[in-house]
Amino acid sequence: MRGHFEVNLNGVEFSTRVLKALDYPSMYKEDLIGRYLLFIDTESPDNEMIRHKIHLLPKELQSLSLPLDSSPLQWELLVKDWITAILRYEV
(Lines give C-alpha, C1' and ligand atoms only; values in the text may rest on other atoms or scores of the structure.)
Protein backbone atom coordinates (compact mmCIF):
# COMPACT_ATOMS: atom_id res chain seq x y z
CA MET A 1 0.00 0.00 0.00
CA ARG A 2 1.26 3.51 -0.63
CA GLY A 3 0.39 7.16 -0.26
CA HIS A 4 1.86 10.61 0.35
CA PHE A 5 2.47 12.78 3.38
CA GLU A 6 3.29 16.49 3.08
CA VAL A 7 4.73 18.90 5.62
CA ASN A 8 5.43 22.61 5.57
CA LEU A 9 8.85 23.53 6.93
CA ASN A 10 9.77 27.22 7.15
CA GLY A 11 7.28 28.10 4.43
CA VAL A 12 8.45 25.34 2.06
CA GLU A 13 6.23 22.35 1.27
CA PHE A 14 7.97 18.94 1.26
CA SER A 15 6.42 15.71 0.04
CA THR A 16 7.13 12.12 1.09
CA ARG A 17 6.00 8.76 -0.23
CA VAL A 18 4.56 6.45 2.40
CA LEU A 19 4.71 2.68 2.04
CA LYS A 20 3.17 -0.04 4.14
CA ALA A 21 4.50 -3.36 2.97
CA LEU A 22 1.91 -6.09 2.73
CA ASP A 23 4.57 -8.77 2.22
CA TYR A 24 7.34 -7.26 4.35
CA PRO A 25 9.59 -10.35 4.86
CA SER A 26 10.30 -10.76 1.15
CA MET A 27 10.81 -7.03 0.53
CA TYR A 28 12.87 -5.70 3.44
CA LYS A 29 15.59 -6.95 5.73
CA GLU A 30 14.30 -4.97 8.72
CA ASP A 31 11.16 -5.95 10.60
CA LEU A 32 8.36 -3.68 9.38
CA ILE A 33 5.43 -5.24 11.19
CA GLY A 34 3.30 -2.36 12.48
CA ARG A 35 5.32 0.33 10.70
CA TYR A 36 5.15 2.68 7.75
CA LEU A 37 8.23 3.45 5.68
CA LEU A 38 8.62 6.99 4.30
CA PHE A 39 10.86 8.16 1.46
CA ILE A 40 11.42 11.59 -0.06
CA ASP A 41 9.21 11.94 -3.14
CA THR A 42 11.83 12.39 -5.88
CA GLU A 43 9.21 13.36 -8.48
CA SER A 44 7.65 16.17 -6.46
CA PRO A 45 8.61 19.73 -7.49
CA ASP A 46 8.20 20.59 -3.79
CA ASN A 47 11.42 18.71 -2.99
CA GLU A 48 13.69 20.60 -5.37
CA MET A 49 15.89 21.79 -2.46
CA ILE A 50 16.82 18.24 -1.44
CA ARG A 51 16.35 16.14 -4.58
CA HIS A 52 19.99 16.55 -5.69
CA LYS A 53 21.41 15.01 -2.51
CA ILE A 54 19.06 12.09 -1.86
CA HIS A 55 21.38 9.52 -3.46
CA LEU A 56 24.30 10.79 -1.33
CA LEU A 57 22.58 10.46 2.05
CA PRO A 58 23.79 7.98 4.67
CA LYS A 59 21.57 4.95 5.24
CA GLU A 60 19.91 6.41 8.36
CA LEU A 61 18.62 9.44 6.40
CA GLN A 62 17.45 7.63 3.26
CA SER A 63 14.12 6.64 4.80
CA LEU A 64 12.04 7.10 7.92
CA SER A 65 10.21 4.28 9.69
CA LEU A 66 7.15 5.24 11.77
CA PRO A 67 4.81 3.12 13.91
CA LEU A 68 1.29 2.61 12.55
CA ASP A 69 -0.17 3.96 15.77
CA SER A 70 1.62 7.34 15.61
CA SER A 71 -0.62 10.38 15.85
CA PRO A 72 -0.77 12.95 13.03
CA LEU A 73 1.12 15.40 15.26
CA GLN A 74 3.87 12.83 15.87
CA TRP A 75 4.11 12.20 12.13
CA GLU A 76 4.44 15.90 11.41
CA LEU A 77 7.14 16.43 14.05
CA LEU A 78 9.16 13.35 13.08
CA VAL A 79 8.97 14.06 9.35
CA LYS A 80 10.01 17.69 9.93
CA ASP A 81 12.98 16.52 12.03
CA TRP A 82 13.97 14.03 9.30
CA ILE A 83 13.76 16.61 6.50
CA THR A 84 15.67 19.15 8.63
CA ALA A 85 18.45 16.56 9.08
CA ILE A 86 18.53 16.01 5.31
CA LEU A 87 18.70 19.76 4.65
CA ARG A 88 21.59 20.11 7.11
CA TYR A 89 23.51 17.12 5.76
CA GLU A 90 26.68 18.22 4.01
CA VAL A 91 27.47 16.36 0.78
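Which residue forms a salt bridge with Glu43, and how far apart are the closest N and O atoms? Arg17 does, with the closest N and O atoms 3.0 Å apart.

## Basis of the model

This is a predicted model: local features need pLDDT of at least 70, side-chain atom pairs count only at pLDDT 80 or more, and totals for chains, interfaces and linings use all residues. Residues are numbered from 1 along each chain as its sequence is written, and side-chain values use heavy atoms, with hydrogens and water left out.

## The sheet

Strands (E, at least two residues) and helices (H or I, at least four) are DSSP runs, numbered from the N terminus. Two strands pair if DSSP finds at least two bridges between them.

Strand 2 (residues 12-19) and strand 3 run antiparallel and are joined by four bridges. Thr16 stands opposite Ile40 in strand 3. Strand 3 (residues 35-40) also pairs with strand 4 in the antiparallel sense, over four bridges. Here Arg35 stands opposite Pro67 in strand 4.

## Salt bridges

The structure holds three salt bridges. The criterion is a side-chain nitrogen of Lys or Arg within 4 Å of a carboxyl oxygen of Asp or Glu. Side chains of opposite charge can pair when their charged atoms come close. Arg17 forms a salt bridge with Asp41, the closest N and O atoms being 3.1 Å apart. This pair links distant parts of the chain: Arg17 is in strand 2, Asp41 in the loop between strand 3 and helix 2 (48-51), 24 residues apart. Arg17 also bridges to Glu43. That pair links distant parts too, with Glu43 in the loop between strand 3 and helix 2, 26 residues from Arg17.

How accessible are these partners? Buried means under 20% relative accessible area, exposed over 50%, and partly exposed in between (1.4 Å probe, protein chains only). Arg17 is partly exposed at 27%. Asp41 is buried at 6%. Glu43 is exposed at 64%.

Lys80 and Glu76 meet in a salt bridge at 3.1 Å, N to O. Both lie in helix 4, four residues apart, about one turn of the helix. Lys80 is partly exposed at 21%, and Glu76 is partly exposed at 32%. Salt bridges that share partners join Arg17, Asp41 and Glu43 into one network.

## Aromatic cluster

The structure holds two aromatic pairs. Rings of Phe, Tyr and Trp (its six-membered ring) pair if their centres lie within 6.5 Å; planes under 30 degrees apart count as stacked, over 60 as edge-to-face and the rest as tilted. Phe5 and Trp75 are edge-to-face, at 5.1 Å centre to centre and 65 degrees between the planes. Phe5 is in strand 1 and Trp75 in helix 4, 70 residues apart. Phe5 is buried at 19% relative accessible area. Trp75 is buried at 11%.

The ring centres of Tyr36 and Trp75 lie 5.3 Å apart and their planes stand at 70 degrees, so this pair is edge-to-face. Tyr36 lies in strand 3 and Trp75 in helix 4, so the pair ties together parts that are 39 residues apart in sequence. Tyr36 is partly exposed at 23%. Ring pairs link Phe5, Tyr36 and Trp75 into a cluster.

## A positive phi

Asn10 lies in the loop between strand 1 and strand 2. Its phi is near 55 degrees, a positive value in a residue other than glycine. Asn10 is exposed, with a relative accessible area of 76%.
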